Amino acid sequence: MNTLWAIPAIAEEAEEKGKIFDFNLTLPIIVAEFLLLMLALDNLWFKPVAKVMDERDEAIRQKLMGVRDNSDEIKKLQEQAEAILKAARAETTAELNKMRRETAASLDAKLQESRQRVEKELAEALANLESQKEETLRSLDKQVQELSDQIVAKVIPF
Amino acid sequence: MQIEQLQIFEIDNPHQVSSVEVHAQVLITSWVVIALLIALPVVATRNLQTIPTGLQNFIEYVLEFIRDLTRTQMGEEEYRPWVPFIGTMFLSIFVSNWSGALLPWRVIQLPHGELAAPTNDINTTVALALLTSVAYFYAGLHKRGFSYFGKYIQPTPVLLPINILEDFTKPLSLSFRLFGNILADELVVAVLVSLVPLIVPVPMMLLGLFTSAIQALISATLAAAYIGESMEGHH
């Protein structure tokens, strides 16, 4: 390719080779530079950064494991809470039933009492009525007797 | 544009004017890339916190990206030791390519040649490809011992020449893919800029950014894939 730009016949201090595939000492120098660069980068970049990244991964993994354990505790607490709730509920329903029964019993007693009273008064009233009826019948009888006497006296004057 | 070399030093005794040459522009730009790549983590890891912000977030994202890339290619058990290699491969190619495209190298005038991405030089890309080859050879031998050479006759011995050829074509393709992409993009942008300097080269430059990033990813992924393949064997 260098032949395209024709090298003047008057050579200067530098020898113009005019080759594109010009292998010389540059090659091993580049090899050495690459190997040194590899060592340098490994110690300056890859190792420290890899350490930080791996430490971070470990820390995250630890935290995740911690969180997983916590969820067991939470489940246990939940069960405890539910047990307490159930016990409380059972207690309250028992109390409620007891109250209900007691009030029912007292109501029954009151009902009985008032029923008896009512019956008694009814019986009294009935007895009253009976005696009044008797009395009225008796007085009626007397009045009927008087009336018939008067009628007889009136009808048979002479 | 001239891709030239700089005659930096002369080795050997004074009787022989033999000099060993380097492409100084490549060395200079590669030093800049290395400086950038070292400055970033030094600044960013100054105050590492558990909950990252800003720059730390960014470098953690890059590391995560590289780890994921390596893990996808090599599997969960064996990827860890190779993260630095693949990471350096990816980051050096990525920063080299983007520095060539984004940094104003033209401001610095060199007497011969000019500064550009270090990956536009065949030496760099072949160096990276050879490193990858050595890496996957080493991985295979380290993991499986000499039974690693049994892979040449898998699945059938008829494929032996092809398997041997693969050992040559892998680094060849790796180096040329990267070299060709980066050099070609630079040349096209240079030609466009010399023709119509104002708006027209910009789409080409953006495309260059995109493809050079893809090339970095591909180089790193293929390196990881070759290493993973030579470690796994054929089950």
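Which residues of chain B does UniProt list for "transmembrane region"? The unreviewed entry gives residues 22-43, 82-102, 122-141, 178-200 and 206-227 of chain B, in the numbering used here, under shortened feature names and as annotations that may be inferred rather than shown by experiment. The model itself is predicted, so local features need pLDDT of at least 70 and side-chain atom pairs count only at pLDDT 80 or more, while totals for chains, interfaces and linings use all residues. Residues are numbered from 1 along each chain as its sequence is written, chains are lettered from A and ligands numbered from 1 in the order in which they are written, and side-chain values use heavy atoms, with hydrogens and water left out.

Two of the listed spans can be followed by their ends and their secondary structure, where helices (H or I, at least four residues) and strands (E, at least two) are DSSP runs numbered from the N terminus. Residues 82-102 of chain B are 95% helix and 0% strand, with end C-alpha atoms 30 Å apart, and residues 178-200 of chain B are 78% helix and 0% strand, with end C-alpha atoms 25 Å apart.

We turn next to the aromatic rings. Rings of Phe, Tyr and Trp (its six-membered ring) pair if their centres lie within 6.5 Å, and planes under 30 degrees apart count as stacked, over 60 as edge-to-face and the rest as tilted. Over all chains there are 14 aromatic pairs. Tyr136(B) and Phe137(B) form a stacked pair, because their ring centres are 5.7 Å apart and their planes lie at 20°. Phe146(B) and Phe149(B) are also stacked, because their centres are 6.2 Å apart and their planes lie at 25°.

Lys151(B) lies over the face of Tyr152(B), 4.4 Å from the ring centre, and the charged end of Lys170(B) sits over the ring of Tyr226(B), 4.6 Å from its centre.

Finally, Glu33(A) lies in helix H1 (residues 26-155) of chain A. Its side chain makes a polar contact (a pair of N or O atoms within 3.5 Å; within protein, one must be able to donate a hydrogen and the other to accept it, and residues adjacent in sequence count only if both atoms are side-chain atoms) with the side chain of Trp31(B), at 2.8 Å.

Key:
A charge sits over a ring if NZ of Lys or CZ of Arg is within 6 Å of the ring centre and within 35 degrees of the ring normal.
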